[in-house]
Every structure is written in C-alpha cells, then in structure tokens.
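Visitor: I would like to learn how to read the features of a protein model, taking them one at a time.

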Amino acid sequence: MSTLLVSSPTAAPKALQQPAWPDAAVLERVTERLGAGLPLVLAAECDTLRRRMAAVARGDAFVLQGGDCAETFRDLSLDTVSRKMDTLFATADELSEAMFLPVVVVARLAGQYAKPRSQPVETKDGVTLPSYRGDAVNGLEFTAEARTPDPHRMLQMYAASGATLNVVRSLLAEDGGQAACRELFVSHEALLLDYERPLARTDARTGETYSGSGHLLWAGERTRNADDAHIEFLSRISNPVAVKVGPRATPQELLALVDRLDPGREPGRLTFIARMGADRVRDALPDLVETVAAAGAPVAWVTDPMHGNTVSAPSGHKTRHFDTVLDEVTGFFEVHRALGTHPGGLHLEMTGEEVTECVGAGVGLGDVPRRYESACDPRLNRSQTRELGRLVAELATPVGV
Ligand SMILES: O=C[C@H](O)[C@H](O)COP(=O)(O)O
Ligand SMILES: C=C(OP(=O)(O)O)C(=O)O
Ligand SMILES: [Mn+2]
C-alpha cells in the first residue's frame, strides 16, 4: 500500500485558476451538451496553421496575433469583428512589406472569454465578491448575482464563438471574391478546462485528438507549470500550441515544457510568447532563447509587449504606455538579432475601435476614462495598433534595404 498519494501517477494534475462552480449537477449537464456539440474549427485547419507556424519557427514567416484581452457578449457585433479583422490585416500587410516575409494572422477571437486573475476576490466599499473571470464564467457587474459563476455561460461562449466564426468566414469569403484570398486563424487562452475538455475531439482522418474550440490555444503565465492540468491538456491535443513566458521563467522550466509539449521537436507545434516587461526583456530573454536553441527545440518566439507593462492610471484604470510597449518590442528584436535567432511575431491586446485604454500615440493620461471599454486589460486602439505596426515595420526592415 502506498502512502505517497501526492506523487501517485494517477493523481489528477493541479488545475489553477478554475471557477468555483456552485452546482456540480448543472456543470455536468453543460459539459455533456458541449461534448455533444459540433466542433467550431476543423482539425485540417489546425494542421494548416501548424504548417504556417512551422515557417515562423524556421524564420521564413512572421505571426501577428491580436485581439481583446477579454471578449464580451455585450461588445460582440458585426462591426467590432470586422474592424478588428481590418486592423489586423492592414497591420499585417505593412509588416509583410517591410520584412519581405509572409505574415500569418491569428486573432484572439471566437473563444477569448475566460480570464486568470491575480486575486480570487474583489472588494469595493467594504463588499467582497468573486473576481470577474471572463464572460464564460461570471458577469462584470459588481453584484453577488452577476459575480456568481454560472456554467450556462459556457454554452453562451460556445454559441458566441460559433457565431463569430460564421461572420469571420463570411467576411473572408466576401473579401476573397474581390481581392487576394485572406487567411485568418483564431486563438485563445485554454484556461477553462470545463469548456476545453468536452470540445476536444478525435479526428477521424488520423485518430489524433484536436481541440475543436480554436486553431491555436495557449497556456497563460499563471498556468504554465509543466506538471499541471493546463499543460497536460495541451499535450493531448495536436493543434499548434503556445505558452506565455514571464520574466521569472527559468531555462529548466522551458526545457520541461518543450519535452512535454513538443517531444517530437516538430517546427510549428510550439510557440513561446515572451511577456517580460520592457525593463526586463533585454536581461531575462537571452538565456531562455539560447537554452531552448541549444537543446535543438524548434520553437517560434513571439513578443507580447502588453502583459509585462501594465500600470495604474490616476483614474485607477489599468493602462499601458505606447512607448513602453514599443520599447519591449525593440528589446525583443535586439535580443534575437544579437543571438542570430528569429524574432517570430507580435502578440497584442488591441481592438479596431478608437478606445482610450492605452496612453500615447494620440491618447493622454487624462483621456483614459473617456472611452475605457475593456472588461479586463487595456487594449491598443485602431490608430495605436497601426502606429505600432508602422514602427515595428521600420524596426524589422532587413539591414541594407
Ligand atoms: O490578461 C489579463 C490580466 O493580465 C489578468 O487577468 C490579471 O489581471 P488582474 O491582475 O487584474 O487580475
Ligand atoms: C492573461 C494574459 O496573459 P498572461 O498569461 O501573459 O498574463 C492574457 O493574455 O490576457
Ligand atoms: Mn490580458
């Protein structure tokens, strides 16, 4: 008889950042319905993205990944989706022209409805309630009713994601009728395991398991432990996957992730999204990139210059400064240039709307409360995204051109 239950190979791995659903029977009915639903994306599309990401990993392409921090049911409309797509495509075109490389466009869209939080509860005027964890879990409004996790919201997320993809596919087909055929893939953080697990399906062509919830899924900085449930879930699907990497990550942790997620060392399977902070990227990133390269792991490296650079505005809103965001991207390019590795992409929290959530490039600190619509982190608006695209294009233009 073993008393070492903690290290038992059958023990369920730890799942961090999961909601405390109040009713197990309701949860079960919802997950059954999700399991019986159609997949939102096809395995063959995920394979196509894996090939595109393989080109990124080899240095033959660049990826632009972007969208809301948290999609919301309230803000979902034909206009918001189409303006987000327009902004991403216009930015991608500019980057592509400057870099002489194809740019793969991967939106944070059609599934970005669950959020990890620093604190499990929020207190206002002496009242403490569960933190908002994304529209897939609870409501943003600060009332006990809204903040109580409700599994039915996962069905709403599934419906909203399916409807979003329907519009995306129609817009692409319409655009393709007049211009060059566009490709757009969708991605989100695979955080909410009660949503992700039922939507993972066996592909009849290959017998492999794929997530049917999005083309590319990533594990966040808070849930990336190689032995925990989120990485275990990603290890079981054949989609291209990514992991966010913050400044406290160690080379050993990244090697463990490579072993777990890309044991076959296949370019296109695994992407690391570095979100170091502008003040850390130049000292924290080189060791990680070098160690991974020395181990022969063909990962793609992408910069997320948003999540390490969040500060408080005088109004109390979370904000980010455009110049700091640009500084982190610049540092990311410097590090890769010095090591002779490929700066493979840019991951942004952005929107096609002219919100005033991030400061700089036309938005003053005092403007922040004027049009702050994000349910979680501050996004670059359309103009700021285009401006950043122009500046990164300059930065990325090959020397001598
Ligand atoms: O992307 C989201 C945020 O960075 C994450 O949810 C943490 O935010 P918080 O510190 O406000 O909880
Ligand atoms: C929570 C997020 O990022 P990270 O895991 O890098 O903090 C996010 O991308 O919204
Ligand atoms: Mn965010």
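Guide: Let us begin with residue classes: Ala, Val, Leu, Ile, Met, Phe, Trp, Tyr, Cys and Pro count as nonpolar, Asp, Glu, Lys and Arg count as charged, and the others, Gly among them, count as polar. This is a predicted model, in which local features need pLDDT of at least 70 and side-chain atom pairs count only at pLDDT 80 or more, while totals for chains, interfaces and linings use all residues. Residues are numbered from 1 along each chain as its sequence is written, and chains are lettered from A and ligands numbered from 1 in the order in which they are written.

Visitor: Which residues surround ligand 1, and how do they divide by class?

Guide: A residue is near a molecule if its C-beta atom, placed from the backbone, lies within 6 Å of it. Around ligand 1 stand C69, K115, P116, R117, S118, H307, C376 and D377, and this shell divides into three nonpolar, two polar and three charged residues.

Visitor: Which residues are around ligand 2?

Guide: They are C69, P116, E189, G220, E221, R222, K244, R275, H307 and D377, and by class the shell of ligand 2 has two nonpolar, two polar and six charged residues.

Visitor: Which residues does UniProt list for "binding site"?

Guide: The unreviewed UniProt entry lists C69, H307, E349 and D377; such annotations may be inferred rather than shown by experiment. These residues span 309 residues in sequence, yet no two of their C-alpha atoms are more than 9.9 Å apart, so they gather at one spot. As for H307, its place is in the loop between β11 (300-303) and β12 (311-312), where strands (E, at least two residues) and helices (H or I, at least four) are DSSP runs, numbered from the N terminus.

Visitor: How should I read a pair of packed helices?

Guide: Two packed helices are described by the angle between their axes and the distance between the axes. Axes are lines fitted to C-alpha atoms, for helices over the stretch in contact, and angles run from 0 to 180 degrees between N-to-C directions. Angles under 35 degrees count as roughly parallel, over 145 as roughly antiparallel, 65 to 115 as roughly perpendicular and the rest as oblique. Here, the axes of α8 (residues 251-261) and α9 (residues 281-294) come within 9 Å and cross at roughly 40°, and α8 and α9 are therefore oblique to each other. Two residues are in contact if their C-beta atoms, placed from the backbone, lie within 7 Å, and this contact is made by P251, L254, L255 and V258 of α8 and D287, L288, T291 and V292 of α9.

Visitor: At what angle do α10 and α11 pack?

Guide: Helix α10 (residues 322-339) and helix α11 (residues 382-396) pack at about 30°, with their axes 11 Å apart, and that makes α10 roughly parallel to α11. By class, their contact has ten nonpolar, two polar and no charged residues.
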